[in-house]
Number of protein chains: 2
Amino acid sequence: MQIADFETPVLLVDLDRLERNLSAAAEYARSHEIALTPHIKTHKSVEIARRQIAEGAAGLTCAKLGEAELMADAGFTDLLLAYPLVGEPKLKRLTALARRATVTVALDSIEVAAGIAEAAERDGVTVGILAEVDTGTRRCGLPPGPELVSLCRFLMGRKGLEYRGLMTYQGHLQGTAEGRAPLLADEADRLSDLYALLEREGIPFPIVSAGSTPNQWEMHRLPGITHVRHGTYVFNDRNTLVMEACAPEECALAVAVTVVSTSIPGQIVIDGGSKTFSYDRLALGGEGFGLCVENPSLVLSIMNEEHGYVDVSQSERRYRVGDRLHFIPNHVCTCVNLHDTFAVHRDGQVEGVWAVDARGRVQ
Amino acid sequence: MQIADFETPVLLVDLDRLERNLSAAAEYARSHEIALTPHIKTHKSVEIARRQIAEGAAGLTCAKLGEAELMADAGFTDLLLAYPLVGEPKLKRLTALARRATVTVALDSIEVAAGIAEAAERDGVTVGILAEVDTGTRRCGLPPGPELVSLCRFLMGRKGLEYRGLMTYQGHLQGTAEGRAPLLADEADRLSDLYALLEREGIPFPIVSAGSTPNQWEMHRLPGITHVRHGTYVFNDRNTLVMEACAPEECALAVAVTVVSTSIPGQIVIDGGSKTFSYDRLALGGEGFGLCVENPSLVLSIMNEEHGYVDVSQSERRYRVGDRLHFIPNHVCTCVNLHDTFAVHRDGQVEGVWAVDARGRVQ
């Protein structure tokens with residue numbers, strides 16, 4: 001069976017490229033003695049998680065509890081939940097999960113930590129904790145300072161919890177390769193200051209987990225990083241391409257679509273819109289919702305739910321109804337989450353269909 | 001059970017509001033002798049489709065074949081597929097569908113029509129066809145002119161097809177209520193010119209199907225409309241609110257979320273991001289990804305996949321981890337498509353959990 005036999009729109013995974021991406025990240029981590037705990041939010045696939053572990057990953061990272069439960073069901077036993085868990089229903093699920101897997105939760109407040117500690121003590125389990133530190137993304141995480149010190153002290157002293165170290169996120173180190181270099185140097189300074197503060201206060205940090213696909217090859221330049229948990233690297237996407245963080249031949253996922261209308265001059269309509277690609281714009285700005293593999297001069301300029309409007313006015317080639325095209329999505333993680341399966345191929349020969357097992361697990 | 005017992009993030013449907021929205025649209029259609037064939041892409045729910053038919057809908061509209069197959073499985077027998085179908089696998093599925101339901105397909109090219117005609121003749125079925133006309137959205141549809149006339153002639157003469165009339169889409173009539181009024185007048189002129197052209201050419205148009213939630217109460221002002229197929233009206237959303245096309249108490253769907261972090265001053269983080277809300281921006285422009293029901297001064301200003309960054313700097317109220325909030329999404333159709341279920345309630349008392357049956361049916 002050939003990929004051209006699949007109906008569109010459909011996600012196509014180039015298995016050779018995926019395998020190279022998995023191996024390269026594993027090899028980088030090994031050579032720098034950094035543990036890789038890849039984030040499964042990108043692929044949400046048991047099969048890809050299995051390959052990541054086979055390549056030497058030290059565990060898996062999940063955003064939501066439902067993702068972690070699914071990965072535990074599949075037999076994975078070392079899980080970082082990089083998300084604060086709040087409310088009794090989630091705490092019950094967390095302690096049940098902690099009975100069958102080694103679970104570490106990242107959080108940034110004593111309120112969240114106290115809730116987990118109470119539930120853990122009551123249910124007779126221990127939950128590992130990373131204190132989340134904000135080094136500039138301004139999302140979750142405490143800035144280095146007295147509140148962070150208090151949180152770490154609380155974590156170190158509280159029954160039911162096992163303080164394991166720090167989690168940081170490098171979402172703010174964005175830009176082209178040249179633009180990211182000075183940002184990385186600043187980040188290194190911030191981390192050194194953070195460590196100095198904690199050392200002065202007598203607070204250990206055996207784990208320092210960092211996350212950033214665009215900077216995945218530079219993480220050893222940040223001091224003290226023991227774990228990395230990037231996710232997007234398995235497939236890459238138009239964002240990582242534009243950031244010069246991957247080469248075109250490292251883009252392992254494309255969306256196959258079909259031209260369904262050519263009624264408007266200078267435009268074609270494809271059978272994928274925002275329910276196929278997701279509405280994510282380029283993180284660095286710029287037009288369009290995907291990169292056409294066959295013809296980069298095409299601009300997927302507008303989307304409705306099931307219609308993609310492609311501006312073909314800069315193309316010499318004329319397109320007809322029924323033509324098939326492939327687009328690399330702007331943001332592969334939200335794109336994958338719209339689909340139930342990937343078609344997996346080598347050089348166009350289909351090797352299988354894999355499930356997006358944890359699709360939609362927002363709770 | 002109360003809605004507060006549900007874990008977040010979760011979609012909540014206010015059943016009283018939903019019922020009022022369904023009844024009002026049905027009553028409008030009845031009083032103006034226009035057939036309502038609501039678009040199920042918004043809710044993708046068999047239960048809501050059943051209620052639409054019970055209120056007098058003349059049939060259902062679907063975007064993708066997979067949606068139509070699911071609705072046929074549920075027993076609905078009059079289906080408009082408002083989408084050009086291309087390629088042998090889809091044509092086979094279409095003729096199978098036409099054996100168990102009355103199917104009408106909208107298309108804008110002789111290529112697509114010829115493909116359907118061949119498959120229909122081969123498989124011994126008849127497929128109804130609407131010729132799609134572009135009156136200004138510039139998506140699919142032929143502009144009024146000789147190519148449209150040729151298409152209609154082809155449809156009228158071809159075995160396997162039954163030409164049933166025209167489909168138009170009013171996606172270009174956007175703006176606030178005041179801004180839409182002159183656009184509607186222009187659209188009426190364009191439709192009159194279209195009809196005059198077809199009459200001169202001796203081409204009948206027993207059906208003229210129009211689509212537009214923002215203008216749902218004005219469709220009788222457009223000449224010759226026999227069918228309307230809006231979808232968003234069942235729930236409405238922040239887009240329809242901003243367009244002054246619905247009142248706040250006509251917004252029947254909200255996303256319940258929980259505050260999980262308050263680590264950054266002036267900001268809270270909620271447990272829903274682009275995998276909960278979708279990344280759709282407001283159609284008319286403007287900031288934010290949802291309207292906070294409890295406090296409209298909050299701005300859901302940035303989203304990552306599972307994190308919503310809410311700017312609370314304009315609010316007097318201080319928020320704490322664990323607080324629960326409700327947001328009306330910018331675009332309800334893409335938001336619903338990210339979820340497997342709705343929790344349905346009256347005044348906060350849960351009446352049931354309904355499936356988003358056709359979620360993800362992009363093929």
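Which residue in β9(A) does A:Ala210 stand opposite?

Analyst: This is a predicted model, in which local features need pLDDT of at least 70 and side-chain atom pairs count only at pLDDT 80 or more, while totals for chains, interfaces and linings use all residues. Residues are numbered from 1 along each chain as its sequence is written, and chains are lettered from A and ligands numbered from 1 in the order in which they are written.

A:Ala210 stands opposite A:Val228 in β9(A). Strands, like helices, are DSSP runs numbered from the N terminus, a strand being E over at least two residues and a helix H or I over at least four. Strand β8 of chain A covers residues 207-210 and strand β9 of chain A covers residues 227-228, and the two pair in the parallel sense over 2 bridges; strands count as paired if DSSP finds at least two bridges between them.

This pair belongs to an open sheet of 8 strands in chain A, with parallel pairing, whose order is β2-β9-β8-β7-β6-β5-β4-β3. At the edges stand β2 (35-36) and β3 (60-62) of chain A, and because each has a single partner strand, one side of each is left without a neighbour in the sheet.

Looking at the chain as a whole, an automatic or database domain assignment divides chain A into domain 1 (3-8 + 244-355) and domain 2 (15-234). The contact between them, where two residues touch if their C-beta atoms, placed from the backbone, lie within 7 Å, takes 17 residues from domain 1 of chain A and 20 residues from domain 2 of chain A. On the side of domain 1 of chain A that touches domain 2 of chain A, α10 (332-336), β16 (341-346) and β17 (349-355) each supply at least two residues. By class, that side of domain 1 of chain A has 10 nonpolar, 2 polar and 5 charged residues, where Ala, Val, Leu, Ile, Met, Phe, Trp, Tyr, Cys and Pro count as nonpolar, Asp, Glu, Lys and Arg as charged, and the others, Gly among them, as polar. The centres of domain 1 and domain 2 of chain A, taken over C-alpha atoms, are separated by 32 Å.

Chain A also touches chain B, in a contact that takes 50 residues from chain A and 50 residues from chain B. Among the elements of chain A that give two or more residues to this side are α4 (88-100), α5 (110-123) and β10 (253-261), and the residues of the side of chain A that touches chain B divide into 18 nonpolar, 18 polar and 14 charged.
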